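Colleague: I have this one open in the viewer and want to go through it with you. Can we start with the backbone and move on from there?

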Amino acid sequence: TIVKELKSKKLIGNDWPLLIYLKLSRQAGNLKAGEYSIAKNLTPLEIVDILTNGKVTSRRITIPEGWTINQIGDYLQKNNIVSKSDFLVAAKKHYSYWFLEGRPANSDLEGFLFPDTYQISMRATANEIVSKMLANFDERVSGDYKLEIRNSGMNPYQVITLASIVEKEVAKHQDRL
């Protein structure tokens, strides 16, 4: 099916040589699903390399520091990435991260969606975007911060909530310290 699609898009000429190559090289089972951007001047072997290595087309999104979940949802919807409502639903789901300990069941993830620039697939879902942002938060909150949170006498959710309030209310950087 993939080879026929490549032929119909005029990315390859005859499909038989590529089908035989995929069968003999045992690469047919290694083709990865996804949305690809393939130039017309590539050789069949270059195309196979793209499809077996999963070099899918992606897009870049940037979530600035200080944005609320509603602002992130507006941005994602405005840029035709996912709907705001899907994003808001995804931002209320249960995720298993140490820093969400103590999070009330009906609360959203305000303060936990790490602001950054992300590469996402062209067909990324709201759940995938939220998961990526939470994984980034987990990666960025190093061992020293984890220890400080654990020694604070509060659960991680309380510490992050307090930090978010301070971030919104304090005008000068030195006052945050």
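Modeller: Take Arg 26, which sits in the loop between H2 and helix H3 (44–52). Bear in mind that this is a predicted model.

Colleague: What is the phi of Arg 26 near?

Modeller: The phi of Arg 26 is near 60°, a positive value in a residue other than glycine.

Colleague: Is Arg 26 buried or exposed?

Modeller: Arg 26 has a relative accessible area of 71%, so it is exposed.

Colleague: And Lys 10, where is that found?

Modeller: Lys 10 is in the loop between helix H1 (2–8) and H2. Its phi is also positive, near 60°, and Lys 10 is not a glycine. With a relative accessible area of 64%, Lys 10 is exposed.

Colleague: Which residue takes a positive phi just after H3?

Modeller: Gly 54, with a phi of about 65°.

Colleague: While we're at H3, which of its residues are buried?

Modeller: Ile 47, Val 48, Ile 50, Leu 51 and Thr 52 are buried in H3.

Colleague: What covers them?

Modeller: The cover over the buried residues of H3 includes H1 and H2.

Colleague: Does helical geometry matter here, or rather, which residues of a helix point the same way?

Modeller: Those three or four places apart, because an α-helix has 3.6 residues a turn.

Colleague: Switching to the surface. Which residues form a nonpolar patch there?

Modeller: Trp 16, Leu 19, Ile 20 and Leu 24 do, and together they have about 450 Å² of accessible area.

Colleague: Where is Ile 20 placed?

Modeller: Ile 20 is in helix H2, which runs over residues 15–24.

Colleague: And why does Ile 20 count as partly exposed?

Modeller: Because its relative accessibility is 45%, and partly exposed covers the range between under 20% for buried and over 50% for exposed.

Colleague: Now charges. How many salt bridges does a search of the whole structure find?

Modeller: Three salt bridges turn up in that search. As background, side chains of opposite charge can pair when their charged atoms come close.

Colleague: What does Lys 9 form a salt bridge with?

Modeller: Lys 9 pairs with Glu 5, and their closest N and O atoms are 3.5 Å apart. Lys 9 is partly exposed at 46% relative accessibility, and Glu 5 is partly exposed at 42%.

Colleague: Next one. How far apart are the closest N and O atoms of Asp 74 and Lys 84?

Modeller: They are 2.9 Å apart in that salt bridge. Asp 74 lies in helix H4 (residues 69–78) and Lys 84 in helix H5 (residues 84–90), so this pair ties together parts ten residues apart in sequence.

Colleague: What is the relative accessibility of Lys 84?

Modeller: Lys 84 is at 22%, so it counts as partly exposed. Asp 74 is at 40% and is partly exposed as well.

Colleague: What about Arg 140, which residue does it form a salt bridge with?

Modeller: With Asp 116, and the closest N and O atoms there are 2.6 Å apart. Arg 140 lies in helix H6 (residues 126–140) and Asp 116 in the loop between H5 and strand S2 (117–121), so the pair ties together parts that are 24 residues apart in sequence.

Colleague: Is Asp 116 exposed, partly exposed or buried?

Modeller: Asp 116 is partly exposed, with a relative accessible area of 22%. Arg 140 counts as partly exposed at 41%.

Note on methods
Residues numbered from 1 in each chain as written. Predicted model: local features only at pLDDT ≥ 70, side-chain atom pairs only at ≥ 80, totals over all residues. Heavy atoms only, no water. Patch = residues over 30% accessible without salt bridge, like charges linked within 9 Å, V, L, I, M, F, W, Y side chains within 5 Å. Areas by Shrake-Rupley, 256 points an atom, 1.4 Å probe, with all protein chains shown as cover. Salt bridge = Lys/Arg side-chain N within 4 Å of Asp/Glu carboxyl O. Helix = DSSP H or I, 4+ residues; strand = E, 2+ residues; numbered from the N terminus. Buried < 20%, exposed > 50% of the residue type's maximum accessible area, 1.4 Å probe, protein only. Contact = heavy atoms within 4.5 Å.
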